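Trainee: Please take me through this structure by question and answer.

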Amino acid sequence: MNIRANHAPTAELQALDAAHHLHPFSDSRNLAKRGVRVITGADGVWLTDSDGVDMIDAMSGLWCVNIGHGRRELADAAHAQMLQLSYYNTFFMTSHPAVIELSAKLAELAPGTLNHTFFASGGSEANDTNIRLVRHYWAAKGKPEKQVIISRKNGYHGSTVGGGSLGGMAAMHKQGGLPIPGIVHIDQPDWWSEGGDMSSEEFGLARARQLEAKIDELGEDKVAAFIAEPVQGAGGVIVPPETYWPEVRRICAERDILFIADEVITGFGRTGRMFGVETYELAPDIITIAKGLSSGYAPIGGSVVTDEVAETLADAGDFNHGYTYSGHPVACAVALENLRIMTEEKIVEEAAADAMPYLAEKWGQLVDHPLVGEAKIKGFMASIALTPDKAARAKFASPEGTVGLRCRDRCFSNGLVMRHVKDRMIIAPPLVINREEIDTLIERAVKSLDETHAALEADGMMVSA
Ligand SMILES: *Cc1c(COP(=O)(O)O)cnc(C)c1O
């Protein structure tokens, strides 16, 4: 399994990493002090680190390894494609079989008339494409003043200048001059943190209606699109109230704007259907895809658009946009093989029929833990809110994220990769996780919560803000 079994000792790797490797979303001083964790191998839902310790990968890497680690067929597909045609571009009136077959396969899998894909190497790039594409679309329709894109606070749409601007991450907007002009953010449907005295149903409607109000405030003739994740992932697995999406759907149908569903996490089975828009019965004009498209085995993403959007673009001549690696043959071959396995082995259907409801039952029980306020789950995206006082939905007096980070450290020590977003704990396990592995995941999560709780009590930190 592990082709780099003979790696250097951990301390040596850590020192080299600290000396030469700049990490995403990390404080490098702090990382160097603590020593980075070096992952050396993976199989199924299991990771191995450089000290030989096994951990459950309850985050599917970064929400991407949907079919699980270590599938030989994907390695074979990459190998064969590299030997046949390792690279050619798709710019100059050329194409190749891998990108053609993948485009056709996506048209078959995506709902409605989402039949045309513009490829990128990841989700951020695809969302940058979307910004240019929706504005170009309206210009092609003779409405070039429809430019503004409405997005949501605490949404995540990537880390490029465009993607980071679409996203509503305050910490990202503080750096590097984001957001770019022409993007406005409305509030997120996070009832636990922001619902106040409203019921979750009332709150869902209120937050959806902010979209309507914002369109009216800006003027429908100025708005190009609304972009949102069916379930916010990086924002903390915020599962919206049941009233939210039907109301957004109504508003989008009544107003002449495009709807972009960012399916980078929710696509390819994560919510129990192939796409999140199927789970929530939404009718997007564009979906952003990446991550599970290749189960993370190769970097690839894209924008899938409807017949109507593709026709309109076609009427406008050249779309002056593209990436060297748009439709990279090796990434396409790997994605195709991933989708073949996913469909032939009925991975989504089987997870939805058994492991997802099984995890939902166990995850729901976490709400009885003294440290846990709410437990939310949709398919294989789940979160718990840590709180010192459930009834009041209180935050901790300690700086936000302190408790979450402590809990995450306990999880790591107990052989579980569970992430924290501020003081929420989140998981998104591979779709192939079985009942026994779910039992282990839950056992380790409970042990970590118990230890965190005990430590907070000992340190006098079970205190509300
Ligand atoms: C991860 C993510 C992105 C960015 O994708 P990258 O491949 O990291 O560029 C965009 N949107 C959502 C919803 C994501 O979760």
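**Helix, ligand, rings and backbone**

Trainee: Serine 448 is found in helix H17 (residues 435-458). Is serine 448 buried or exposed?
Mentor: This is a predicted model, in which local features need pLDDT of at least 70, side-chain atom pairs count only at pLDDT 80 or more, and totals for chains, interfaces and linings use all residues. Residues are numbered from 1 along each chain as its sequence is written, and side-chain values use heavy atoms, with hydrogens and water left out. Helices (H or I, at least four residues) and strands (E, at least two) are DSSP runs numbered from the N terminus, while buried means under 20% relative accessible area, exposed over 50% and partly exposed in between, with a 1.4 Å probe and protein chains only. The relative accessible area of serine 448 is 0%, so this residue is buried.

Trainee: Which residues is serine 448 in contact with, leaving aside its neighbours within four places in sequence?
Mentor: Contact here means heavy atoms within 4.5 Å. With the neighbours within four places in sequence set aside, the contacts of serine 448 are Arg410, Cys411 and Asn414.

Trainee: Which helix gives the largest share of the shell around the ligand?
Mentor: A residue is near a molecule if one of its heavy atoms lies within 4 Å of it. Among the residues surrounding the ligand are Gly123, Ser124 and Asn127. The largest share of the shell, three residues, comes from helix H6 (residues 123-140).

Trainee: By class, how many polar residues does the shell around the ligand have?
Mentor: Ala, Val, Leu, Ile, Met, Phe, Trp, Tyr, Cys and Pro count as nonpolar, Asp, Glu, Lys and Arg as charged, and the others, Gly among them, as polar. The shell has three nonpolar and three charged residues, and its polar residues number six.

Trainee: How far does a polar side-chain atom of serine 124 lie from an oxygen atom of the ligand?
Mentor: A polar contact is a pair of N or O atoms within 3.5 Å; within protein, one must be able to donate a hydrogen and the other to accept it, and residues adjacent in sequence count only if both atoms are side-chain atoms. A polar backbone atom of tyrosine 156 is 3.4 Å from a ligand nitrogen, and a backbone N or O atom of glycine 123 is 2.9 Å from a ligand oxygen. For the polar side-chain atom of serine 124, the distance to a ligand oxygen is 2.5 Å.

Trainee: What share of the accessible area that the ligand has on its own does the protein cover?
Mentor: Accessible areas come from the Shrake-Rupley method with a 1.4 Å probe; for residues, only the protein chains shown count as cover. Of the 380 Å² that the ligand has on its own, the protein covers 82%.

Trainee: How many aromatic pairs are there?
Mentor: Rings of Phe, Tyr and Trp (its six-membered ring) pair if their centres lie within 6.5 Å; planes under 30 degrees apart count as stacked, over 60 as edge-to-face and the rest as tilted. By this rule, the count of aromatic pairs is nine.

Trainee: Why is the pair of phenylalanine 91 and phenylalanine 92 edge-to-face?
Mentor: A pair of aromatic rings is described by the distance of the centres and the angle of the planes. The ring centres of phenylalanine 91 and phenylalanine 92 are 5.8 Å apart, and the pair is edge-to-face because the planes stand at 70°.

Trainee: What is the angle between the planes of phenylalanine 268 and phenylalanine 275?
Mentor: Phenylalanine 268 is buried at 0% relative accessibility, and phenylalanine 275 is buried at 1%. The two form an edge-to-face pair, 5.2 Å centre to centre, with an angle between the planes of 65°.

Trainee: What is omega for the cis peptide bond that joins leucine 178 and proline 179?
Mentor: Most residues other than glycine have a negative phi, and most peptide bonds are trans. Proline 179 is in the loop between helix H8 (170-173) and strand S6 (183-186). The bond joining leucine 178 to proline 179 is cis, with omega about -5°.

Trainee: What is the relative accessible area of methionine 93?
Mentor: Methionine 93 is in the loop between helix H4 (72-85) and helix H5 (97-109), with a positive phi near 55°. Serine 60, in helix H3 (residues 60-63), also has a positive phi, about 50°, and is buried at 0% relative accessibility. Methionine 93 is exposed, and its relative accessible area is 87%.
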